[in-house]
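Subject: Structure handover

Hello,

Please find the structure below. My notes come after it.

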Amino acid sequence: MNTKMRLLKRELDYQILILPVLIFYVLFCVYPFFSTFYYSFTDYSNMKLDNLKFVGLDNFKGIFKSDLLTISIKNSIIYAILMTVFQTSLGLILAVFLDRKLKTKNILRSMFFLPAVFSPLIIGYLWSYIMSTSDFGLINRAVTALGFAKINFLGNPDLALYSVVGTQLWQWTGWVMVIFLANLQSIPKDLYEAAEIDGANSWGKFWRVTLPLMQPSVNVVSVTAMIGGLKVFDIIFALTEGGPGNSTQTIMTAYIKTVFTEGFYAKGAAFGVVFFIAVMIITMVMMSFLKKWGEQTR
Amino acid sequence: MKKFSILLLTAATLLSMTLAGCGNENNAPAANQGEKKEKVKIRIAYWNKEDSVKTLLDLVKEKLPNIELEYQFIDNKQYQNIIETQLTAGAGPDIISTNPYTASRYAKLGYIKDISELADRYNDGGKNVYSVDGKLYALPGISWFEGMFYNKEIFEKLNLKVPTTFDEELALHETLKQNGIKPQAMGAKSWEPMMKSSMGLVMNDFLSKSENKDFDVQYGEGKTKLDGNWNTALEQWTELIKLGYLTEDMLGVDYDQALDEFATGKAAMWQSGPWAVEAIQTKNPNLKFDMFPFYGSEPGAGWLIGGPGVGFAANSKSKHQEEIMQVLDLISTPEGQQAFWSDNKGGSSYLKDVEFEMPEQFASVSETLKAGNVYAPWNNWGDASNVIEDYGKNFQYVLSGKMTIAEALQAIDKKTNELIQGKAQ
């Protein structure tokens with residue numbers, strides 16, 4: 001037996017330890033993943049698992065014909081882009097601001113981070129009261145007291161999606177800020193001193209020193225925000241249930257409606273497959289863009 | 001390598017034991033052999049809390065000592081999903097709570113048993129929605145209904161009377177508005193209230209006409225459309241929007257907030273059903289309220305939207321068919337209905353010759369209930385019955401002015417077509 005084989009054999013003993021997890025991973029993750037692909041090409045609906053018929057691309061054609069998919073894709077893309085852009089930029093601004101020598105720094109940091117610890121369902125319930133147009137709506141009480149007309153945050157089909165984005169930003173920007181703060185603290189102070197000697201002002205220091213060195217965390221944050229935005233479900237469910245009309249339906253809410261309300265399991269599986277491919281493509285494009293940006297700034 | 005194989009084998013054995021355990025749980029021999037008598041354990045699943053059937057469960061315990069009826073609560077949002085997974089796996093509770101639509105699906109798939117032997121005891125109104133090809137597949141439980149709650153004190157103060165036509169209802173709204181009181185609260189953030197409110201007028205002016213008796217069944221089969229049939233009634237209903245009684249604001253208000261508005265006297269009316277009574281009384285124990293039904297152009301008893309609530313079906317794969325039938329038989333007696341009703345006051349029984357005394361909050365709907373004018377059109381829409389969610393959502397667009405009635409109805413018809421074709425595949 002050569003050394004390589006011996007080493008492999010020795011490692012095998014340790015790798016046994018991951019076996020239980022691996023079995024469950026395969027059973028509950030890998031297997032459902034591939035079975036989704038399989039079912040998306042069958043006529044699986046109405047709980048009939050026996051006599052499944054292969055229907056080719058029918059399910060895919062079906063979902064692309066449905067109005068629900070078109071509107072939910074549009075909403076998901078708008079949502080994901082807004083979340084990525086604002087979460088990253090607002091988080092960055094907050095982090096840079098709270099990295100300064102402020103007396104209230106710690107209190108402010110905790111305050112901004114606090115919403116991230118609550119469940120989205122609680123946040124949804126809370127904000128549906130805060131933004132309500134009934135007499136219990138906190139914001140609208142203030143707005144009408146100032147003599148303006150009520151703002152129908154969640155009930156206006158043109159505004160509802162943006163109100164949900166606002167709520168999500170309120171919840172998650174603090175979390176992003178914490179990641180950026182950790183990255184900011186790893187930037188050596190002498191780089192700023194060197195920049196100062198070279199005559200850089202605050203903006204120059206941010207642009208030439210801070211931002212390029214923040215690239216790893218910007219990458220992580222923007223990719224997770226994009227994926228999180230595309231698969232958003234809970235907050236929409238709690239705040240608007242996809243309404244009014246279909247104005248806040250996203251891919252996930254439309255998927256759940258197709259599968260559990262309407263009982264079209266195969267069509268739902270096709271929905272899932274399309275979603276998976278779309279997220280994969282978007283993430284790959286984003287990663288390559290961020291990589292290029294990283295190379296340019298280096 | 002040997003060590004590896006042993007570990008692999010152990011893991012596989014453990015896993016198979018775990019899985020076998022899961023599978024056997026539901027099919028395990030139910031009798032507890034250690035007990036004096038052979039007590040058969042059967043399971044009933046329902047989406048309402050145990051409190052809503054407590055008296056009935058006690059009655060089963062008392063009258064059927066040979067049976068141990070285990071109650072399983074499954075939250076409504078997960079209910080269908082969980083039950084269907086269990087049924088697909090050949091398991092599931094012995095007595096399955098269903099709604100009319102799922103009952104007909106399960107019946108066609110052979111998951112629930114023909115229980116026609118109990119059919120004669122029930123009125124047609126209840127048993128029709130739970131029948132497939134003339135055979136009964138679930139016992140119609142206590143009915144549910146929805147009408148318009150109104151604040152009696154506000155009505156008395158402004159000398160307002162319960163309306164008898166839709167026009168009178170509009171006039172009532174106007175008087176309230178003129179007096180600076182919000183006529184009605186509506187949690188239109190949910191798709192349900194607009195759907196039910198609009199169908200109320202359709203039931204009066206279209207569906208109750210003898211020539212439209214089969215309309216709903218035909219709609220469910222894709223033989224007719226809403227667009228072109230419901231338009232006149234619905235155009236009239238939109239007066240509520242045009243005159244500013246139902247407003248876009250309401251799309252930002254949910255069920256609980258609307259309930260708050262009514263219970264605290266901020267709004268004079270609110271559309272809901274018996275299930276809301278307790279919550280209203282908890283918020284405001286002093287509130288005096290009553291309910292009137294939906295009215296049409298002509299004076300009459302009006303209509304309430306509703307129908308048989310839960311249906312109890314027998315799992316055809318269960319090993320305890322005899323015991324299941326004993327329980328269903330007990331539910332189908334006046335005593336069983338009384339026990340079920342006592343935790344669901346307000347609804348009515350579909351068992352022949354069984355009537356209950358209505359609580360005072362429903363005095364003004366007694367005529368409507370007596371006339372049997374309680375109906376939910378979608379219960380007869382078959383495979384298309386799930387389209388009501390889209391119906392409600394499109395009517396949210398009507399309320400916000402983004403759709404006309406005709407456009408909304410066309411969109412609903414299109415979705416209905418998708419559902420019918422999808423199910424026929």
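Predicted model: local features only at pLDDT ≥ 70, side-chain atom pairs only at ≥ 80, totals over all residues.

Residues are numbered from 1 along each chain as its sequence is written, chains are lettered from A and ligands numbered from 1 in the order in which they are written, and side-chain values use heavy atoms, with hydrogens and water left out.

The sheet in chain B

Helices (H or I, at least four residues) and strands (E, at least two) are DSSP runs, numbered from the N terminus. Two strands are taken as paired if DSSP finds at least two bridges between them. In chain B, five strands make an open sheet with mixed pairing, in the order S2-S1-S3-S12-S6. Strand S2 (67-73) and S6 of chain B are at the edges with a single partner strand each, so one side of each has no neighbour in the sheet.

S1(B) (residues 40-46) and S3(B) are parallel and share two bridges; Ile44(B) has Ile95(B) as its bridge partner in S3(B). S3(B) (residues 95-98) runs antiparallel to S12(B), with four bridges between them, and here Thr98(B) is partnered by Gly311(B).

Helices in chain A

The axes of H9(A) (residues 189-197) and H10(A) (residues 202-213) come within 10 Å and cross at roughly 155°; axes are lines fitted to C-alpha atoms over the stretch in contact, and angles run from 0 to 180 degrees between N-to-C directions. That makes the two helices, H9(A) and H10(A), roughly antiparallel (over 145 degrees). Leu191(A), Tyr192(A), Ala195(A) and Glu196(A) of H9(A) meet Lys205(A), Val209(A), Thr210(A) and Leu213(A) of H10(A), where contact means heavy atoms within 4.5 Å. The residues of this contact are five nonpolar, one polar and two charged (Ala, Val, Leu, Ile, Met, Phe, Trp, Tyr, Cys and Pro count as nonpolar, Asp, Glu, Lys and Arg as charged, and the others, Gly among them, as polar).

In H13(A) (residues 251-261), the buried residues include Ile251(A), Met252(A) and Lys257(A). Just after H13(A), Gly263(A) has a positive phi of about 75°.

Regards

Terms used: Parallel < 35°, antiparallel > 145°, perpendicular 65-115°, else oblique. Buried < 20%, exposed > 50% of the residue type's maximum accessible area, 1.4 Å probe, protein only.
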